[in-house]
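Colleague: Hi! Could you walk me through this one while I have it open?

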Amino acid sequence: MDITHGLTNGKSLLTYGVESRKLRNLVFKTRWNFSRKFSLNIVLRSAINELGTPKFDNRNYFVKQQVAEPSLSYINGTNIRVTIAYNINEKKNTIGYLERSVNNMISTEVKYNVLSSSTINARFSYNAIKFNYATGGSPNSTVGYIMLDGLLPGNNFLWTMEYTKRLAGNIEMTIQYDGRKAGDARTVHIGRASVRAIL
């Protein structure tokens, strides 16, 4: 069982005036290993995210967030790990246009170790997001972006695959593919490759 509390405050002097940010996180984590191969994890989180800019009221927000995420993991030695999770995330902006979002997410993640030199990771998630706001609010605003985590109202699909290979004693190569289909927007595909030296 783990309880974590975090508080971040910051003020910036920008060309258009002073901007003040505050982020508070209170996290509760617990894990129950009910056999050698299965474990249940529960994460509860309460957060406050605040931005204050005196000269631009339309950018200001005070978002309260509540998150609950139970997950079930299957572990077979050091070779394979499969996790299935459900996440419900509710955010409310208490100023401005009183935006409110509810995100129901189902995700699965698979990690497979090929011998001792290669790893394959795959993750898929489905997010069903409801976004409500008073007249004048928008999912494309600063507040909307914060509340939707860069996604769009409606059905969102995210997937990623990553292959990591140890080429030599301290050289590692990674190939990664990411895809996303957010709301009614077109599907986006991103590929990356990197080589790094581990010292």
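**Rings and strands**

Modeller: Happy to. Let me begin with Phe38, which is partly exposed at a relative accessible area of 33%. Keep in mind that this is a predicted model.

Colleague: Which ring does Phe38 form an aromatic pair with?

Modeller: Phe38 pairs with Phe34, and the pair is stacked, with 6.2 Å centre to centre and 10° between the planes. Phe34 is partly exposed as well, with a relative accessibility of 40%.

Colleague: And which residues make up the cluster linked by ring pairs?

Modeller: The cluster holds Trp32, Phe34, Phe38 and Tyr74, joined through ring pairs.

Colleague: How many aromatic pairs are there in the whole structure?

Modeller: A search of the whole structure gives six.

Colleague: What about Phe131 and Tyr133, how are their rings arranged?

Modeller: Phe131 and Tyr133 form a tilted pair, at 5.3 Å centre to centre and with 45° between the planes.

Colleague: Is Phe131 buried or exposed?

Modeller: Phe131 is buried, at 10% relative accessibility.

Colleague: Changing topic: how do strand 3 and strand 4 run?

Modeller: They run antiparallel, and 14 bridges join them. Strand 3 covers residues 38–52, and strand 4 covers residues 61–76.

Colleague: Which residue in strand 4 is the bridge partner of Ile48?

Modeller: That is Lys64. On strand 5, Lys64 stands opposite Lys92.

Colleague: One more residue for me: where is Thr119?

Modeller: Thr119 sits in strand 7, which takes in residues 118–132.

Colleague: Why does Thr119 count as buried?

Modeller: Because its relative accessible area is 19%, and buried means under 20%.

Colleague: Which side chain does the Thr119 side chain make a polar contact with?

Modeller: The side chain of Asn113, at 3.2 Å.

Colleague: And what else is Thr119 in contact with?

Modeller: Setting aside neighbours within four places in sequence, the contacts of Thr119 are Lys111, Tyr112, Asn113, Glu162, Tyr163 and Thr164. Asn113 is therefore on that list as well as being the polar partner of Thr119, given that a polar contact needs N or O atoms within 3.5 Å.

Colleague: Great, thanks!

Methods. Residues are numbered from 1 along each chain as its sequence is written. This is a predicted model: local features need pLDDT of at least 70, side-chain atom pairs count only at pLDDT 80 or more; totals for chains, interfaces and linings use all residues. Side-chain values use heavy atoms; hydrogens and water are left out. Two strands pair if DSSP finds at least two bridges between them. Helices (H or I, at least four residues) and strands (E, at least two) are DSSP runs, numbered from the N terminus. Buried means under 20% relative accessible area, exposed over 50%, partly exposed in between (1.4 Å probe, protein chains only). A polar contact is a pair of N or O atoms within 3.5 Å; within protein, one must be able to donate a hydrogen and the other to accept it, and residues adjacent in sequence count only if both atoms are side-chain atoms. Contact means heavy atoms within 4.5 Å. Rings of Phe, Tyr and Trp (its six-membered ring) pair if their centres lie within 6.5 Å; planes under 30 degrees apart count as stacked, over 60 as edge-to-face and the rest as tilted.
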